[in-house]
Amino acid sequence: WQRSGFGKGDKIASAITKQTDCSVISNLNYETHHGDDVVMADGSDKATKEFPSCHAKYVDYTPCQDQMRAMKFPRDNMIYRERHCPPEDEKLQCLIPAPKGYATPFPWPQSRDYVPFANAPYKSLTVEKAVQNWIQYEGNVFRFPGGGTQFPQGADTYINQLASAIPIDNGMVRTALDTGCGVASLGAYLFKKNVITMSFAPRDSHEAQVQFALERGVPAVIGVLGSIKMPFATRAFDMAHCSRCLIPWGENDGLYMMEVDRVLRPGGYWVLSGPPINWRTYFGAWKRPKEDLEQEQRKIEEIARLLCWEKLDELGDIAVWKKRTNYDLCRQQDIKPNLCEPSYPDDVWYKKMEACVTPYPKSTKSYEEWKPFPDRLNAIPPRISSGSVPGVSVDMYQEDIQIWEKHVKSYKSINNLIDSGRFRNIMDMNAGLGSFAAALDSPKLWVMNVMPTIAEKDTLGVISDRGLIGIYHDWCEAFSTYPRTYDLIHANGIFSLYKDKCKAEDILLEIDRILRPEGSVIIRDNVNVLVKVKKIVGGMRWDARMVDHEDGPLVSEKVLFAVKKYWVVGDIITAHNKKEEVKN
């Protein structure tokens, strides 16, 4: 009778609605009736485990880029700067503290220019890069004037130079990769053009450069172009950029340029600025022998021709190449590159780089008719329309968009800060088709879409096709970032996915490490899983509550909302008012 549009039921419902004053239920209780009396799988009713604070020396601990562990590995090809994670018995079972005086970052866009000193108290760059306008120390804040090694006059001027050769202004370039990014001023200022940049740099002598980038509200990860493939999907970026990034592009048989070619979409751009470009004019200022610079540029030009890239322009000491939209012209080349074996090109996690070129997709029509952003955000991605993602149809994709629009609307009704600008750096730990990020799309925020390496369907390429950024990761290991770098972390089904792979508490400790004090977490999973998760976070100084699925209490999937409490080095953090610290 509810759907018929007529009958006795309709009249009764209408009458009752008129008599009901809904305003009297003003304070709804969203708590579900699960988890108050948790009994573990073995039948025991265990007390909540309290996690102590780690020692203050771990305040900026990056488990898989630990400086002491790195020294045990070879320096060839920057291997020692790559990921080297601790074995199981060396993982910390404690909470990483924030430094004394830690402050919530400024809201965007003020955060682009100012970072509280206490959040990353490292002054070395203010001296080392003073002339290049990277960073300045003023009172209790760092100020970022927008300069860089290659653009001391500011990133805006530099970007305008690039825009004379690359279509940055019309949405055709939406995703960029900045290799050796420094403090990511290029990525910070490309936001003005609605370009989102994945920046990366190693944890090295330029202390805390990636940490500064994330404190500024700019996407960045700790990483290096060494011996391992980059953790990005094939054809992920519209533009790749290197500004004095110290990567030896001409060495190793063109290995690094071939890896850039892999992650560039057909029709994408590669920008190289600084030495050795236009060496005849600048060799004196660079204080390097002309012969070395000439040879270096010649090698780069030869590899670019081998890759069939078209050189578009040389703007002073900036060179711009374009990857062909299809392979037709490349077939006519006298010298052809060695093509990689026909295998899955996105199998990149801990895989060695190879001196071969990733073949173009069978059909390049979609890249020849590439959509600008934001049109491509909800358009059918080329990888789905071409049927190259097994098990994902056009109908499934469109339904996924609707589902996540509904989920995000529900999230906002419970956490009304999501749209306020309070959350700038957001992570989706199990991003699927990227529809969570698409539903959130706003200039106030950005989303790091993570594709678990054990996911049933690898859809990171679909996320890239939509004009979003993403990265592969295995959540049994630490993420390549500093502590306290995300404001909001979303985890959909992550604990069910990893239930037989690693311990839930290890994943939760990693979430806690990378989450800012007073940051928020949204965990969506089966109720039985969430009951156990809620018990663990009870000992982690999180405030948490579980709510029902949007479709009501009979749906077994629930949502856990949590907020990490504010505490810093030296605070009392256990439930029994004891100051406990893990010394080792």
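Mentor: Before the helix pair itself, a word on terms: a helix axis here is a line fitted to the C-alpha atoms over the stretch in contact, and the angle between two axes, which runs from 0 to 180 degrees, is taken between their N-to-C directions. In this predicted model, the axes of helix α18, residues 504–514, and helix α19, residues 527–537, come within 10 Å and cross at roughly 55 degrees. Since angles from 65 to 115 degrees count as roughly perpendicular and those under 35 as roughly parallel, α18 and α19 are therefore oblique to each other. The crossing in which α18 passes α19 is right-handed. As for the residues that meet there, α18 contributes Ala504, Glu505 and Leu508, while α19 contributes Val533, Ile536 and Val537.

Of the contacts between residues at least 6 apart in sequence, 70% join residues at least 24 apart.

Asp317 is buried yet has no salt bridge, and the nearest side chain of opposite charge, that of Arg244, is 4.9 Å away. Leaving aside residues up to four places away in sequence, Asp317 touches Gln150, Leu272, Ser273, Gly274, Ile277, Asn278, Tyr282 and Trp286.

How values were computed: Residues numbered from 1 in each chain as written. Predicted model: local features only at pLDDT ≥ 70, side-chain atom pairs only at ≥ 80, totals over all residues. Heavy atoms only, no water. Buried < 20%, exposed > 50% of the residue type's maximum accessible area, 1.4 Å probe, protein only. Lys, Arg positive; Asp, Glu negative; His and termini not counted. Salt bridge = Lys/Arg side-chain N within 4 Å of Asp/Glu carboxyl O. Contact = heavy atoms within 4.5 Å. Helix = DSSP H or I, 4+ residues; strand = E, 2+ residues; numbered from the N terminus. Parallel < 35°, antiparallel > 145°, perpendicular 65-115°, else oblique. Left-handed = near helix turned anticlockwise from the far one by under 90°.
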